[in-house]
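Welcome! Please take a look at the sequence and the model before reading on.

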Amino acid sequence: MHVERLLTVLHGKRLPPLLLGLLLTATASAAGAAPDPVRTPVPVRSSAPPPVRPSAPAPDPVPAPAPVPVIARSWPVGVRPVVVRGWDPPATPYARGHRGVDLAAPAGAPVRAVAAGRVLFAGQVAGRGVVSLELAGTGTPPLRTTYTPVRPSVSEGDEVTPSQPVGTLAATPSHCAVPCLHWGLRRDQAYLNPLSLLPAWLSARTPARLLPVLGVPLP
């Protein structure tokens, strides 16, 4: 209540001077008092640790290809042909590389099956003669070996034996500076090194020599 309003109410009323002074003092104090400030609540920090988000599952590791069995009984051409270009696997399925080996051989040289198997394909691919064999006893999926450029002498579905001729090396076209046979190996979609089919005695660069046995006369 304002002081002016209180004076209006008390106008004409006779009050003791002491009581009137106390009323006026109390009213003035109430009118000039400042309101209590509004206190902003302080947020209380929680001591609990933040929730742990589950991490994404780790991707399954890429299985390593099954080892290549050493089953070759001969080189596909020659006895110990020169490897013009070795195996250079690509980093990705469509990257550049060399998916096989190139073996030097004269045009018309016989091309042989390195192991027993079945002819999957014998014909032309992009103008080159190709023979593809599925090798027997090499697991699931089986190994497949390919020869190009070849003039095939076998047909699809034929069973072949180790060292059996499957065609002759074509003179052209060839991607080597000299006539060569491109020999490839794969299991499903994975390209492998065809030289791993060869046993050590067959892939050695020096011919084997027989040593004399003590006590046995030489002929």
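Is Val84 buried, partly exposed or exposed? Val84 is partly exposed, because its relative accessible area is 40%, which falls between the 20% limit for buried and the 50% limit for exposed. Keep in mind throughout that this is a predicted model. The points below start with the whole chain and then move to single places in it.

**The chain as a whole**

- The chain contains three helices and 11 strands.
- Of the 219 residues in the chain, 28% are buried.
- The chain exposes about 15,400 Å², and 63% of that comes from carbon and sulfur atoms.
- If you take the contacts between residues at least 6 apart in sequence, 62% of them join residues at least 24 apart.

**A nonpolar patch on the surface**

- Val84, the residue from the opening question, sits in strand β1, which covers residues 83–85.
- Together with Val82 and Val178, Val84 forms a nonpolar patch on the surface.
- The accessible area of these three valines together is about 230 Å².

- Strand β5 spans residues 128–135 and strand β6 spans residues 143–148; the two pair in the antiparallel sense over four bridges.
- Within this pairing, Val131 stands opposite Tyr147 of β6.
- Strand β6 also pairs with strand β10 (residues 180–187), again in the antiparallel sense, and this pairing has six bridges.
- Here Thr148 stands opposite His182 of β10.
- As background, side chains in a regular strand alternate between the two faces of the sheet.

**Val130, a buried residue in β5**

- Val130 belongs to strand β5.
- Val130 counts as buried because its relative accessibility is 11%, and the limit is 20%.
- Setting aside neighbours within four places in sequence, Val130 is in contact with Phe121, Ala122, Gly123, Val125, Thr146, Tyr147, Thr148, Val150 and Pro152.

**The loop between β5 and β6**

- Thr138 is found in the loop between β5 and β6.
- Although Thr138 is in a loop, a relative accessible area of 6% makes this residue buried.
- A polar atom in the side chain of Thr138 lies 2.9 Å from the backbone nitrogen of Leu143.
- Beyond its neighbours within four places in sequence, Thr138 is in contact with Pro69, Ile71, Leu143 and Arg187.
- Pro141 lies in this loop between β5 and β6 as well.
- The peptide bond leading from Thr140 to Pro141 is cis, with omega near -10°.

**Backbone features in other loops**

- The peptide bond from Thr148 to Pro149 is also cis, with omega near -5°.
- Pro149 has its place in the loop between β6 and β7, where β7 covers residues 150–152.
- Ser163 is not a glycine, yet it has a positive phi of about 70°.
- The loop that holds Ser163 runs between β8 (159–160) and β9 (165–169).
- With a relative accessible area of 29%, Ser163 is partly exposed.
- Asp188, which is not a glycine either, has a positive phi of about 60°.
- Asp188 is found in the loop between β10 and β11.

- Leu195 lies in the loop between β11 (190–192) and α3 (200–203).
- Leu195 counts as partly exposed, because its relative accessibility is 27%.
- Not counting residues up to four places away in sequence, Leu195 touches Trp75, Val101 and Trp183.
- Leu195 and Ala72 are 123 residues apart in sequence, while their C-alpha atoms are 9.2 Å apart in space.

Conventions
Residues numbered from 1 in each chain as written. Predicted model: local features only at pLDDT ≥ 70, side-chain atom pairs only at ≥ 80, totals over all residues. Heavy atoms only, no water. Buried < 20%, exposed > 50% of the residue type's maximum accessible area, 1.4 Å probe, protein only. Contact = heavy atoms within 4.5 Å. Areas by Shrake-Rupley, 256 points an atom, 1.4 Å probe, with all protein chains shown as cover. Pairing = 2+ DSSP bridges. Patch = residues over 30% accessible without salt bridge, like charges linked within 9 Å, V, L, I, M, F, W, Y side chains within 5 Å. Salt bridge = Lys/Arg side-chain N within 4 Å of Asp/Glu carboxyl O. Polar contact = N/O pair within 3.5 Å; in protein donor to acceptor, adjacent residues only side chain to side chain.
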